[in-house]
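Trainee: I've got a model open and I'd like to learn how to read it. Could we go through it together?

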Amino acid sequence: MRRIVAFALLIGLGTGHVCAATRVSIDARNTEINDVIGLLARQSGLNIVADGSVKPRRITFRLHDVDPDVALATLAQAYDLQTHRSGNIVLIGDAATLNRRYGSAGEASTAIALHNAKPSDAVKALKGALPDVGMFADDRSNTVVVTGSAEAQTTARSLLSNIDGPGRQVLFEVRVTDVKPIDDTTNVGIQFGGTGFGAGALAQFPFAIAKSTIAVNAQINALVQNGHAQILATPRIATLNNREATLLVGETYPIVTVNQQTGFPTVTNVNVGVQLRVTPTIGDGGTITAEFHPEYSEIIGFNASFPIIANRKVDAVLRVRDGETIVLGGLFQDTSSETIARLPFLGSIPILGTFFRNKATSRQRDEVVFFITPHLLPPDS
């Protein structure tokens with residue numbers, strides 16, 4: 001039960017309407033704020049409605065011989081409230097709530113056109129910096145509608161101008177190479193139908209950053225010409241600063257599964273081939289810090305109509321300068337095989353059967369290497 005410790009209200013002449021001679025005096029101690037608002041409304045003749053945003057609390061409020069409008073304004077200012085008039089009805093409530101709903105005095109709306117940034121992204125970025133300013137993004141017309149005071153609109157316009165600046169771009173030249181560091185083949189016995197031989201071992205590629213793109217390209221070309229490497233893809237991709245770019249050089253393989261409970265089929269698409277996800281961050285002095293997620297996958301077989309996919313991928317965060325080449329290696333695949341061919345009956349004879357058998361063993365170990373060279377594009381490109 002709420003208890004009013006002390007309350008005194010004196011009014012001047014007047015019936016049910018406020019006139020120039022109406023004066024009020026209030027002495028409320030430890031009183032619920034909604035009771036003070038209600039008593040002020042009844043005794044002054046004003047149609048005052050407390051909004052639901054007014055939080056229950058006890059206040060001490062004393063005024064002597066003042067105008068009802070002055071009393072109402074003083075109450076609102078003292079307890080972070082705000083009033084909104086609609087005809088002869090006065091709504092009083094939390095200032096932030098009424099600002100969002102109706103706007104405060106002196107507020108206006110203006111449309112700010114953007115040229116580079118997406119309006120919805122700009123509004124999302126400024127939401128924390130300008131919490132009391134109303135902003136609406138219209139991606140169709142590429143504008144942001146700002147509602148607030150003249151000072152708030154000036155601040156929003158300045159911040160939007162900074163966000164709307166043309167962002168720097170980075171071009172990535174990518175070369176994906178399949179290198180065969182080991183291809184050892186041994187052949188013992190009689191080979192029916194011809195003779196073959198294998199290539200020698202090749203040194204593995206390191207995980208490194210090369211400052212000379214010419215030297216890297218020369219090494220790759222030499223490996224390709226000697227049959228020790230194969231170019232899988234040579235894509236190029238450009239993206240804005242701090243924006244992720246993705247590429248796929250391959251194909252999308254659909255996998256259909258049936259839900260045992262509903263009986264409805266579900267299609268899941270699996271990308272097979274060369275894939276790359278990269279997010280660059282341009283620093284001072286032309287440095288580029290990038291998150292790399294290269295991946296190489298291929299179908300090596302099927303199991304009950306479902307593909308068996310061999311996947312090789314690596315994640316790295318590196319910092320390089322414009323024009324330097326990043327070498328991402330270590331994506332190995334090792335395959336060993338043994339084949340035995342023999343003549344019927346003669347190849348099964350103990351000891352002597354060795355002369356009628358052929359045993360061939362081979363080991364192939366290849367490595368997928370990503371060569372990535374970033375280039376900073378001019379601001380006006």
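Trainee: What is the average pLDDT of the protein chain?
Mentor: Keep in mind that this is a predicted model, so confidence comes up before anything else. Of the residues, 76% score at least 70. The chain average of the pLDDT is 76.

Trainee: Which element of the protein chain has the lowest mean pLDDT?
Mentor: At the top end sits strand β13 (residues 236–240), with the highest mean, 90. Over residues 1–21 the pLDDT is below 50, though the model gives this stretch 42 contacts beyond near neighbours in sequence. The lowest mean, 37, belongs to strand β1.

Trainee: Now the helix α5: how far apart are its end C-alpha atoms?
Mentor: Helix α5 covers residues 150–163, which makes 14 residues.

Trainee: Within what arc do the buried residues of α5 fall?
Mentor: The buried ones are Ala152, Gln153, Ala156 and Leu160. Looking down the axis of α5, you'd see them line one face of the helix, because they fall within an arc of 95°.

Trainee: Which exposed residues does α5 carry on the face turned away from its buried side?
Mentor: First, picture the buried side: its cover includes β7 (108–113), α4 (119–126) and β9 (143–148). Turned away from that buried side is the face with the exposed residues Ala150, Glu151, Thr154 and Asn162.

Trainee: Is Thr325 buried or exposed?
Mentor: Thr325 belongs to strand β19, residues 325–342. Its side chain makes a polar contact of 2.8 Å with the side chain of Thr373. The cut-off for buried is under 20% relative accessible area. Thr325 has 2% relative accessibility, so it counts as buried.

Trainee: And Asn311, which residue's side chain does it join in a polar contact of 2.6 Å?
Mentor: You'll find Asn311 in strand β17 (residues 306–313), and it is partly exposed, with a relative accessible area of 40%. Leaving out residues up to four places away in sequence, Asn311 touches Glu295, Tyr296 and Ser297. One of these is 16 residues from Asn311 along the chain, with the two C-alpha atoms separated by 7.2 Å. The side-chain partner in that 2.6 Å polar contact is Glu295.

Terms used
Residues are numbered from 1 along each chain as its sequence is written. This is a predicted model: local features need pLDDT of at least 70, side-chain atom pairs count only at pLDDT 80 or more; totals for chains, interfaces and linings use all residues. Side-chain values use heavy atoms; hydrogens and water are left out. Helices (H or I, at least four residues) and strands (E, at least two) are DSSP runs, numbered from the N terminus. Buried means under 20% relative accessible area, exposed over 50%, partly exposed in between (1.4 Å probe, protein chains only). A polar contact is a pair of N or O atoms within 3.5 Å; within protein, one must be able to donate a hydrogen and the other to accept it, and residues adjacent in sequence count only if both atoms are side-chain atoms. The expected span of a helix is 1.5 Å times one less than its number of residues. The arc is that of the directions from the helix axis to the C-beta atoms. Contact means heavy atoms within 4.5 Å. pLDDT is the predictor's confidence in each residue, from 0 to 100.
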